Amino acid sequence: MALLLAGTTAVAVGAASPALASPETSLRQIVPAPVKVTPRPGADYSLTANARIQTQPGSADARRVGEYAAELLRPATGYRLPVSSGVTPRGVTLLLVGADPAVGEQGYQLDVTPWGVVIRARAAAGLFAGVQTLRQLLPAKIEARTEQPGPWTVPGGSVLDHPRFGHRGAMLDVARHFFSVDEVKRYVDQIAAYKVNYLHLHLADDQGWRIEIKSWPRLATYGGSIEVGGGPGGHYTQEQYRDLVEYAGSRGITVIPEIDMPGHTNAALASYAELNCDGVAPPLYDGIEVGFSSLCIDKPITYRFVDDVLRELAALTPGPFLHIGGDEAHSTTEPDFKTFMDRVLPLVRKHGKSALGWHEFVKTTPPTSAVAQYWGTDDEDADVAAAAARGNKILLSPASKAYLDMKYDENTELGLDWAGYTDVRDAYDWNPGAYLKGVPESAVRGVEAPLWTETLTNSSEVEHMAFPRLPAIAELGWSPRSTHDWTAFSRRLAAQAPRWQAAGINYYPSPQVPWGR
């Protein structure tokens with residue numbers, strides 16, 4: 001178990017104990033739970049108006065994280081917090097040398113003394129993670145975007161931390177309802193706080209096409225002109241998409257774009273009649289039923305279309321993955337589905353990317369570089385287990401656990417319930433490393449929390465469904481299994497509420513969590 005060393009008393013972070021029944025310091029309230037925390041009473045550091053953020057000399061990566069840290073801390077403190085290159089014992093210092101090798105490429109080592117805070121890592125990803133922990137060690141009002149009164153005290157001690165899984169994702173469906181660039185950026189900021197490092201954008205579905213493709217312009221201008229319920233929809237220009245990708249990257253998050261196919265394609269079929277087997281474009285669609293659309297598998301133009309879309313999207317996306325969907329293709333026969341995937345998967349590789357797809361596509365035996373995203377509600381899937389045995393990595397998003405659009409209970413106004421009700425404990429109490437029979441932890445790439453938006457129209461509604469469940473999934477992806485304990489987690493989660501209030505996050509006050517107690 002991860003240990004808290006308080007004087008001579010060792011306390012397990014993940015287990016309920018008398019030591020945790022007393023008022024907890026912020027070192028004991030970190031979400032996701034760290035690997036190891038060592039408090040040092042009397043060694044607190046106070047961030048003051050003359051503090052500065054220092055970064056590894058000569059490191060552009062450290063400088064980038066330093067600028068991000070300053071951007072986080074300036075509004076509430078009102079301090080200038082200049083970012084400079086150098087190493088002194090005072091202020092906040094970000095270093096890419098001297099970290100314990102155990103932290104790997106995504107972990108960090110954080111030390112607090114009366115003179116300052118030092119975050120050490122082996123790569124920029126680790127520094128980003130360390131900054132997220134630092135913000136949780138400061139008072140909750142640090143999350144406010146307007147100046148607040150101090151003091152800004154960081155408790156003395158050290159944190160040694162690294163993730164259980166390298167992939168910790170969140171998905172936002174911008175196809176069912178369109179979300180503006182600013183709304184997506186807001187969600188990026190919120191998920192970054194919990195060490196999420198991938199944002200999966202569901203960019204195209206029956207109800208809307210949300211990314212400009214210059215070689216097929218009507219996809220966005222016509223296919224993106226509607227959304228569920230008949231609203232105006234919208235789309236991102238390529239410049240806006242690049243801006244989103246860059247913004248996410250500045251917060252340590254890699255964007256994974258998804259174009260779902262061969263099903264979920266009505267917006268594309270409505271935009272170009274020639275993509276339909278009968279040459280007739282269907283009307284635009286603003287409902288929520290699934291499984292009725294399919295690209296025409298036998299037409300050569302289908303693969304020219306897919307090639308063009310993947311080529312332009314790959315050029316806009318620096319991350320390693322393109323998500324090609326593959327789910328609920330009920331209007332595509334099994335042989336046609338295999339034919340389609342056999343043609344499309346080489347196109348992904350042609351454009352320098354690896355394929356991610358919903359788990360149905362593993363029936364076509366994709367290359368081992370492809371990652372299968374499991375969204376089923378059962379703990380057993382023979383096709384996924386066979387893919388794992390062949391060497392494919394599995395990204396876990398079981399709908400009854402990780403889908404943030406499922407209703408909390410029968411009284412929840414937003415969301416759907418086809419996978420059942422999912423309150424916070426349901427989202428937390430499962431083990432990604434042993435969830436699917438025949439899929440060992442070594443085959444699990446990580447976890448992702450998808451948020452589908454059939455019923456969601458704005459950031460406030462997104463927040464209500466994502467919080468507090470998103471931090472639960474984030475902890476499953478980051479924290480050691482040994483720290484897993486619902487009682488302890490629910491207390492740490494409750495301590496996040498003042499932060500969400502300061503940030504204006506419209507969270508759901510689940511009765512399962514001891515808020516304010």
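Reader: What makes Tyr 194, Phe 467, Trp 500, Tyr 507 and Trp 515 a cluster?

Author: Ring pairs link these five residues, Tyr 194, Phe 467, Trp 500, Tyr 507 and Trp 515. Rings of Phe, Tyr and Trp (its six-membered ring) pair if their centres lie within 6.5 Å; planes under 30 degrees apart are stacked, over 60 edge-to-face, and the rest tilted. This is a predicted model, in which local features need pLDDT of at least 70 and side-chain atom pairs pLDDT 80 or more, while totals for chains, interfaces and linings use all residues. Residues are numbered from 1 along each chain as its sequence is written, and side-chain values use heavy atoms, without hydrogens and water.

Reader: Why is the pair of Tyr 194 and Phe 467 called tilted?

Author: The structure holds 21 aromatic pairs. In this one the ring centres of Tyr 194 and Phe 467 are 6.3 Å apart and the planes stand at 55 degrees, so the pair is tilted.

Reader: How do you know whether Tyr 194 is buried or exposed?

Author: Buried means under 20% relative accessible area, exposed over 50%, and partly exposed in between (1.4 Å probe, protein chains only). Tyr 194 has 4%, so Tyr 194 is buried. Phe 467, at 0%, also counts as buried.

Reader: What makes Arg 343 a charge over the ring of Tyr 303?

Author: The test is that NZ of Lys or CZ of Arg is within 6 Å of the ring centre and within 35 degrees of the ring normal. The charged end of Arg 343 sits over the Tyr 303 ring, 3.9 Å from its centre. Lys 141 lies over the face of Trp 152, 5.5 Å from the ring centre.
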